[in-house]
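Take a look at the chain below.

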Amino acid sequence: MAETTNLSIRIDRELKDEADLIFNALGMNLTTAITVFVRQAVRQKKIPFEIALNTDKNKGVSLQDAMAASERIWRNSVKNSRDKMTMKEIDAEIAAARAERKVRKAHS
């Protein structure tokens with residue numbers, strides 16, 4: 001097992017509480033979620049998602065919608081015995097979802 005180190009960050013309490021709700025619904029804690037983010041950033045050599053201004057063309061998702069989606073994802077992963085996925089499996093799921101999104105976007 002690799003040697004670990006502590007990371008101390010300051011974050012708004014309300015933001016942390018909201019993030020905890022989402023990550024708990026996904027079966028992980030904030031530390032695991034941050035580790036997933038950092039691993040993806042290292043693998044991709046970039047921030048692993050788009051950062052953009054919230055414009056009419058790029059509307060954000062409400063917290064309620066995000067939490068509902070997270071809950072559906074978690075329930076489906078447990079139902080399909082996929083709640084203990086490896087990083088490789090998570091990467092494959094993300095790639096498949098992105099490909100599906102491109103197809104839908106092309107047809108709209």
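Is F37 buried, partly exposed or exposed? F37 has a relative accessibility of 32%, so this residue counts as partly exposed. Keep in mind that the model is predicted.

A search of the whole structure turns up one aromatic pair. Its members are F37 and F49.

F49 is partly exposed, with a relative accessible area of 48%.

F37, V38, V42, I47, F49 and I51 form a nonpolar patch. Together these residues have about 560 Å² of accessible area.

Stay in the loop between helix 2 and helix 3, where K45 is found. Most residues other than glycine have a negative phi. K45 is not a glycine, yet its phi is positive, at about 60°. The residue is exposed, with a relative accessibility of 70%.

Next comes charge. Which residues gather in a patch of positive charge on the surface? They are K46, R98, R101, K102, R104 and K105. Among them, R104 is placed in helix 4, which runs over residues 87-106.

Now turn to helix 1. Side chains of opposite charge can pair when their charged atoms come close. How many salt bridges does the structure hold? There are two.

One of the salt bridges joins R13 to D17, with 3.8 Å between the closest N and O atoms. The cut-off is 4 Å, so a nitrogen-to-oxygen distance within that limit counts. R13 and D17 are four residues apart in helix 1 (residues 13-25), which means that about one helical turn separates them. R13 is exposed, at 54% relative accessible area. D17 is partly exposed, at 37%.

K16 and D20 form a salt bridge too, and here the closest N and O atoms are 2.6 Å apart. These residues are likewise four apart in helix 1, so they are separated by about one helical turn. K16 is partly exposed, with 27% relative accessibility. Is D20 buried or exposed? D20 has a relative accessible area of 17%, so the residue is buried. The buried class takes values under 20%.

The last stop is the segment before helix 1, where L7 lies. L7 is exposed, with a relative accessible area of 67%. What is the separation between the C-alpha atoms of L7 and T31? The answer is 9.4 Å, for two residues that are 24 apart along the chain.

R13 is bridged to D17, and K16 to D20. K45 carries the positive phi.

Methods
Residues numbered from 1 in each chain as written. Predicted model: local features only at pLDDT ≥ 70, side-chain atom pairs only at ≥ 80, totals over all residues. Heavy atoms only, no water. Phe/Tyr/Trp six-rings, centres within 6.5 Å; stacked < 30°, edge-to-face > 60°. Buried < 20%, exposed > 50% of the residue type's maximum accessible area, 1.4 Å probe, protein only. Patch = residues over 30% accessible without salt bridge, like charges linked within 9 Å, V, L, I, M, F, W, Y side chains within 5 Å. Areas by Shrake-Rupley, 256 points an atom, 1.4 Å probe, with all protein chains shown as cover. Salt bridge = Lys/Arg side-chain N within 4 Å of Asp/Glu carboxyl O. Lys, Arg positive; Asp, Glu negative; His and termini not counted. Charge placed at Lys NZ, Arg CZ, Asp CG, Glu CD. Helix = DSSP H or I, 4+ residues; strand = E, 2+ residues; numbered from the N terminus.
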